Amino acid sequence: MIDPRALPKAELHVHIEGTFEPAQIFEFAKRNSVTLSYPNVAALEDAYKFTDLQSFLNLYYAAMAAIRTERDFEDLTTAYLRRAQAQGVRHAEIFFDPQAHLERGLSFETVIDGLWSALQRSESDFGMTTALIMCFLRDQPEASAMETLELALPYRDKIIGVGLDSVELGNPPSKFQAVFDRARANGFLTVAHAGEEGPPEYVWEALNLLKVSRVDHGVRSMEDPTLVAHLAETQIPLTVCPLSNVRLRVVDRMQDHPLKRMLDAGLRATVNSDDPAYFGGYVADNYRAVFDALGLTDADLVRLARNSFESSFIDDERKQRYIGEIDGLVATAP
Ligand code: ADE
Ligand code: ZN
């Protein structure tokens, strides 16, 4: 088997707040004099037993209380870049959730300046290119998303696109049509979580109403043959997160995961980590988990890595350079 960590890859679905490791949560809480509701790291980790997306989000938002300063965002991001580099990531498109920080009284500037301080050193320090995608919280009113978009406009050069995350059921993409229209008019690319817990209809809405360039998760698309045919025809990428899907009970066991069926149906599926500090592994760990559980081949892993660059928002020249790195690895593999 190819070592998944050796395979050059792009990570297209990772929430920076989901890379907040338990030890770091306590470190930040201490330096910011924030009191957590868990006495220690072991007690916190013991709570990482999720029954669905909502049960995870409750903890995910609670942990953010420990993030207070620009330096916190910088340190969080630098720590992610270091781990991603060790997982063979050559390019990362990173989600962040500004509304979750604004509602705690932090400024947009604190968030973006902290993230940016780390990202501007990603090439020199970690040999990785990066981009930022700002997500709207779909369980908040559309007006809040619109206000957040206004705050982001002065930082247009630092944010490549907008996305949609948080509680999916009951919050269809159609709720955000106007804000996505405005985002696209201002030059942002668009993506959206859809078909994670929500039905295939939400994937159709993300495509038709939000005009997304990629669908995040999208695993429930497999329930709608017409949608599968459409995704195969258009080659709209899907950013699949296998360990997340098991931990949030989207699928019962990794052996039941639809990734192999998605590839066999000709979909442009990629493998990503989502919230790696919470779900038991970073991106190469996800590659390994699907390889082991779904009987994938080395050729499948290479296909997934190629798909990751082809699905990314980098220019064609860079794409070809990164795909050339994969070809180089394959050519020298025993
Ligand atoms: N926010 C962080 N991770 C998420 C996920 N898997 N689904 C929806 N919103 C999220
Ligand atoms: Zn996600």
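Trainee: At what angle do the axes of helix 10 (residues 200–208) and helix 11 (residues 225–234) cross?

Mentor: This is a predicted model. In it, the two axes come within 10 Å of each other. Helix 10 passes helix 11 in a left-handed crossing. The crossing angle is roughly 35°.

Trainee: Which residues of helix 11 meet helix 10?

Mentor: Start on the helix 10 side, with P200, V203, W204 and L207. The residues of this contact divide into six nonpolar, two polar and no charged. On the helix 11 side, the partners are T226, L227, H230 and L231.

Trainee: Why do the buried residues of helix 11 lie on the same side?

Mentor: The buried residues here are L227, V228 and L231.

Trainee: What covers the buried residues of helix 11?

Mentor: Recall that L227 and L231 are among the buried residues. Both also take part in the contact with helix 10. The cover includes helix 10 and strand 7 (238–240).

Trainee: Which exposed residues sit on the face of helix 11 turned away from its buried side?

Mentor: Exposed means over 50% relative accessible area. On the face turned away from the buried side, the exposed residues are P225, T226 and E233.

Trainee: At the start of helix 11, to within what distance of the backbone nitrogen of T226 does D224 reach?

Mentor: D224 uses a side-chain oxygen.

Trainee: Which residue takes a positive phi just after helix 11?

Mentor: Most residues other than glycine have a negative phi. Just after helix 11, the phi is positive, at about 60°. The residue is Q235.

Trainee: Is R249 buried or exposed?

Mentor: R249 is found in the loop between helix 12 (242–247) and helix 13 (259–264). It is not a glycine, but R249 has a positive phi of about 60°. Its relative accessibility is 52%, and the cut-off for exposed is over 50%. So R249 counts as exposed.

Trainee: Is D274 buried or exposed?

Mentor: D274 lies in the loop between strand 8 (269–271) and helix 14 (276–279). D274 has a positive phi of about 65°, although it is not a glycine. Its relative accessible area is 2%, and buried means under 20%. D274 is therefore buried.

How values were computed
Residues numbered from 1 in each chain as written. Chains lettered and ligands numbered in written order. Predicted model: local features only at pLDDT ≥ 70, side-chain atom pairs only at ≥ 80, totals over all residues. Heavy atoms only, no water. Axes fitted to C-alpha atoms, helices over the stretch in contact; angles between N-to-C directions. Helix = DSSP H or I, 4+ residues; strand = E, 2+ residues; numbered from the N terminus. Left-handed = near helix turned anticlockwise from the far one by under 90°. Contact = heavy atoms within 4.5 Å. Nonpolar A, V, L, I, M, F, W, Y, C, P; charged D, E, K, R; others polar. Buried < 20%, exposed > 50% of the residue type's maximum accessible area, 1.4 Å probe, protein only. Polar contact = N/O pair within 3.5 Å; in protein donor to acceptor, adjacent residues only side chain to side chain.
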